[in-house]
Amino acid sequence: MNRRFPSNCGCGAGITTFTSGTQENSGHPFFRCETRGEDHLFKWVEEAMLEELEDVLPKVEVHETKLGKVKSEIKELMEIALNNKIEIQKNKVVIKGLVVYACIVTVAFGAYVLF
Ligand SMILES: [Zn+2]
């Protein structure tokens, strides 16, 4: 039998959900072929749900691992961006210093030429 939720019976007919009325399984839902034929599909919904979970959980774990890697990559990029910002601030200070120095040299040179 196919795992997970059935979409149709092997005979090609659709699936309907019923609720068990037997004393043993009272209230338990199940999938059954629309034709209700004896040898056609019958499956407990709980069983199908368990199979869905078993198949999906490993995929969730893979996504969690990938997400963890992406998070650490983002953290690294944030650190690089912060360091670049600090470098830019330092360079601005150096450039300002050089401009001031250039102005002083120009004025001093002008004074030297004039006097
Ligand atoms: Zn069928």
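Me: How many helices and strands does the protein have?
Reply: Happy to start there, with a predicted model in which local features need pLDDT of at least 70, side-chain atom pairs count only at pLDDT 80 or more, and totals for chains, interfaces and linings use all residues. Residues are numbered from 1 along each chain as its sequence is written. Helices (H or I, at least four residues) and strands (E, at least two) are DSSP runs, numbered from the N terminus. The count is one helix and three strands.

Me: In what order do the elements run from the N terminus on?
Reply: The elements follow the order β-β-β-α. The protein is more spread out than a compact globule, because its radius of gyration (over C-alpha atoms) is well over what the globule rule (2.2 Å times the number of residues to the power 0.38) gives for 115 residues. That rule gives 13 Å, whereas the radius of gyration of the protein is 37 Å. The order asked for is β-β-β-α.

Me: Is phenylalanine 31 buried, partly exposed or exposed?
Reply: Phenylalanine 31 belongs to strand S2, residues 29-33. A residue is buried if 20 or more other C-beta atoms, placed from the backbone, lie within 10 Å of its own, exposed if 12 or fewer, and partly exposed in between. Phenylalanine 31 has 19 such atoms within 10 Å, so it is partly exposed.

Me: What distance separates the C-alpha atoms of phenylalanine 31 and threonine 16?
Reply: Along the chain, phenylalanine 31 and threonine 16 are 15 residues apart. Their C-alpha atoms are separated by 5.7 Å.
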